[in-house]
Amino acid sequence: VKKQTKKTFIIQMDKSNMPATYYDHFQCDAVLLPASASLSEVIVGVLDTGVWPEIKSFDDTGLGPIPSTWKGSCEVGKNFNSSSCNRKLIGAQYFSKGYEAAFGPIDETMESKSPRDDDGHGTHTATTAAGSAVSGASLFGYASGIARGMATEARVAAYKVCWLGGCFSSDILAAMEKAVADGVNVMSMSIGGGLSDYTRDTVAIGAFRAAAQGILVSCSAGNGGPSPGSLSNVAPWITTVGAGTLDRDFPAFVSLGDGKKYSGTSLYSGKPLSDSLLPLVYAGNVSNSTSGSLCMTGNLIPAQVAGKIVICDRGGNSRVQKGLVVKDSGGLGMILANTELYGEELVADAHLLPTAAVGLRTANAIKNYAFVDPKPMGTIASGGTKLGVEPSPVVAAFSSRGPNLVTPEVLKPDLIAPGVNILAGWTGGVGPTGLSNDKRHVEFNIISGTSMSCPHVSGLAALIKAAHQDWSPAAIKSALMTTAYATYKNGENILDVATGQPSTPFDYGAGHVNPVAALDPGLVYDATVDDYISFFCALNYSASDIKQITTKDFICDSSKKYSLGDLNYPSFSVPLQTASGKEGGAGVKSTVKYTRTLKNVGAPATYKVSMTSQTTSVKMLVEPESLSFAKEYEKKSYTVTFTATSMPSGTNSFAHLEWSDGKHVVRSPIAFSWT
């Protein structure tokens with residue numbers, strides 16, 4: 001299992017971690033937000049690497065008594081006592097039995113056998129979800145301002161399940177069950193693993209049991225993008241969150257000896273390089289290794305690096321580690337060059353020497369200059385913090401993509417939220433890079449990953465829960481999804497930074513979360529435990545399979561026809577037969593029917609349907625085309641009939657279905673896939 005920054009935890013850390021930023025992203029109209037009294041009754045449980053309780057983001061000033069619904073505890077351990085908790089951080093516990101069964105007792109000289117966060121990841125995610133407002137927050141002056149979690153007055157309960165060697169499934173499940181018993185209202189999990197059937201997916205099983213108790217579970221989609229089908233946490237009762245960018249950047253500028261200037265990104269904060277140009281070398285030409293361009297430890301030749309700026313290719317080791325290798329070899333600066341794998345994606349890091357990370361096109365231009373010019377020269381300068389970056393958001397290249405390989409009939413991810421260069425609270429145990437020789441201490445750090453986007457949605461779910469205390473997890477997720485946006489103000493689709501082209505619902509799901517709109521969605525697609533049991537029957541699960549997940553005894557009715565397309569989901573995914581399919585043939589049409597039920601959560605109104613589609617190969621018929629709701633919580637159903645002609649295997653196309661009463665727009669993405 002792995003934490004969903006690009007710092008991956010299985011048995012070892014993949015330190016090519018994505019950078020970050022934080023919780024000053026959404027300007028919500030205070031009039032529309034739930035009253036603080038109701039929000040302070042909401043408890044967000046965060047399963048991660050623990051917490052660093054002393055930081056200002058856990059200040060409990062102004063908060064009332066701990067909610068009476070809270071049944072958890074503040075567990076005492078190394079460097080952590082009962083006074084570490086307060087009215088903001090109301091609980092903290094650790095789970096290590098599975099980890100210690102595999103690796104032996106935790107080495108307390110290396111990490112704290114307590115809820116204390118020695119890594120930073122858990123503190124970052126917890127404060128993103130529900131950190132208190134902190135004035136004057138920044139990382140070395142970058143992204144300065146008031147830092148606040150999505151739900152500033154919600155309570156936080158931390159469950160430490162990840163250790164130096166990884167996060168064990170048994171510990172995760174134990175923590176999920178404890179969080180349910182403790183009384184959390186939202187569960188935030190920036191962790192994930194490989195894909196498996198729901199009966200063998202620990203997170204899916206724990207999340208189902210939480211959802212059955214009215215708890216929304218938000219999980220990272222994963223950092224496997226832009227590869228198709230790279231998602232994790234795809235169960236329909238989980239809110240699966242991908243990552244997008246903010247309209248904020250941290251530019252760094254490269255000036256070359258030929259007079260050309262290029263921009264990249266960096267969070268370097270030390271002594272700047274002088275304005276005079278320095279010799280520029282490509283790492284592959286000053287190395288004794290075939291992989292020398294990657295600036296791996298011990299691969300550079302100091303005599304050929306000293307006093308120079310080194311161009312290092314991205315990949316193989318962490319971005320900040322490369323800079324340290326250059327520095328230790330006598331280099332004065334680094335240009336971190338994206339390769340084909342990373343394209344134009346830029347993520348900022350708190351480097352230990354002057355650095356500019358540049359996209360593929362810029363990297364190729366700089367390398368070409370270094371190869372052609374007999375005496376290449378350059379320098380690097382910081383550009384501080386830049387706001388108003390356009391276009392924004394764009395889908396992060398690392399954000400995992402659909403289709404859903406476990407259940408193609410369920411569209412995933414569900415939505416995207418800010419996950420690139422996010423500023424949030426940090427541990428006092430390590431510096432901002434996480435490197436052992438980074439002795440800097442910060443209260444806030446900027447990092448990236450779907451680990452960062454997940455807690456944004458967790459905190460927003462807490463806001464909705466406070467405003468609508470009787471809503472189910474499915475209703476809250478529906479509100480977040482159907483009000484999300486997938487286009488810019490000019491009507492163009494949100495871009496994918498990996499390709500530079502318009503993104504699709506396989507990249508962003510329903511779209512980018514829209515907090516204020518989600519508080520008043522008009523209609524919701526609700527779902528109950530019984531709906532999910534029917535879903536299991538459609539998957540042909542046995543009674544023992546169903547009990548494995550639900551703990552309930554249930555036998556599917558052999559006389560009833562169960563359909564995956566009838567799960568009351570806020571989006572549509574429609575697998576279709578190609579001509580070579582078992583029921584296909586040239587010119588043969590396939591017909592698929594999906595049924596959905598909408599619940600009115602607003603004033604009485606009549607909603608009319610409209611559809612848009614990229615393809616003429618699928619005809620869509622919605623019956624009825626109008627739904628009238630006379631009272632709150634009234635339900636009305638409709639059916640969509642998809643009639644498709646054959647397309648080559650591997651073809652994907654997309655559409656959208658909208659219900660509107662003139663005030664609300666209830667929007668659902670539709671994905672068509674021919675296999």
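Helix α5 (residues 202-212) is mostly covered, with nine of its 11 residues buried. Buried here means under 20% relative accessible area, exposed means over 50%, and partly exposed lies in between, for a 1.4 Å probe and protein chains only. Helices (H or I, at least four residues) and strands (E, at least two) are DSSP runs, numbered from the N terminus. The model is predicted: local features need pLDDT of at least 70, side-chain atom pairs count only at pLDDT 80 or more, and totals for chains, interfaces and linings use all residues. Residues are numbered from 1 along each chain as its sequence is written, and side-chain values use heavy atoms, with hydrogens and water left out.

The buried residues of α5 are Thr202, Val203, Ala204, Ile205, Gly206, Ala207, Phe208, Ala210 and Ala211. Their cover includes the helices α4 (169-182), α10 (473-482), α13 (529-538) and α14 (543-550). It also includes the strands β11 (186-189) and β13 (216-220). Contact means heavy atoms within 4.5 Å.

The loop between β13 and β14 (239-244) holds Pro226. The peptide bond between Gly225 and Pro226 is cis, with omega about 5 degrees. Asn233 is placed in the loop between β13 and β14 as well. Its phi is near 55 degrees, a positive value in a residue other than glycine. Asn233 is buried, with a relative accessible area of 5%. Most residues other than glycine have a negative phi, and most peptide bonds are trans.

Pro391 sits in the loop between β23 (386-387) and β24 (415-418).

Phe140 also has a positive phi, near 55 degrees. Phe140 belongs to the hairpin of β6 and β7, which has two residues between the strands. Strand β6 (residues 134-139) and strand β7 (residues 142-147) run antiparallel and are joined by three bridges. Two strands pair if DSSP finds at least two bridges between them. Leu139 has Tyr142 in β7 as its bridge partner. Phe140 is partly exposed, at a relative accessible area of 33%.

Leu273 lies in the loop between β17 (261-265) and β18 (278-282). Leu273 is buried, with a relative accessible area of 16%. Leaving out residues up to four places away in sequence, Leu273 touches Leu278, Ile309, Leu332, Pro354, Thr379 and Ile380. Leu273 and Ala381 are 108 residues apart along the chain, yet 7.1 Å separates their C-alpha atoms.

The second largest pocket contains about 670 Å³ of space. Its lining has 26 residues, of which Asp249, Glu344, Leu346, Val394 and Val497 are the closest to the centre. By class, 10 lining residues are nonpolar, nine polar and seven charged. Strand β15 (248-249) and helix α8 (360-372) each supply at least two residues of this lining. On a 1 Å grid over the protein atoms alone, a pocket is an open set of points where a 1.4 Å probe fits, with protein on both sides within 12 Å along at least five of seven lines; lining residues have an atom within 4 Å of a point. Grid points are joined across faces, edges and corners, and the volume is the space filled by probe spheres set on the points. Ala, Val, Leu, Ile, Met, Phe, Trp, Tyr, Cys and Pro count as nonpolar, Asp, Glu, Lys and Arg as charged, and the others, Gly among them, as polar.

Strand β30 (residues 605-613) runs antiparallel to β32, and four bridges join the two. Thr606 stands opposite Ser628 in β32.

Glu658 lies in strand β34 (residues 652-660). Glu658 is partly exposed, with a relative accessible area of 25%. Beyond residues up to four places away in sequence, Glu658 touches Lys608, Val609, Ser610, Val665, Val666 and Arg667. The C-alpha atoms of Glu658 and Pro669 are 8.8 Å apart in space, and the two residues are 11 apart in sequence.
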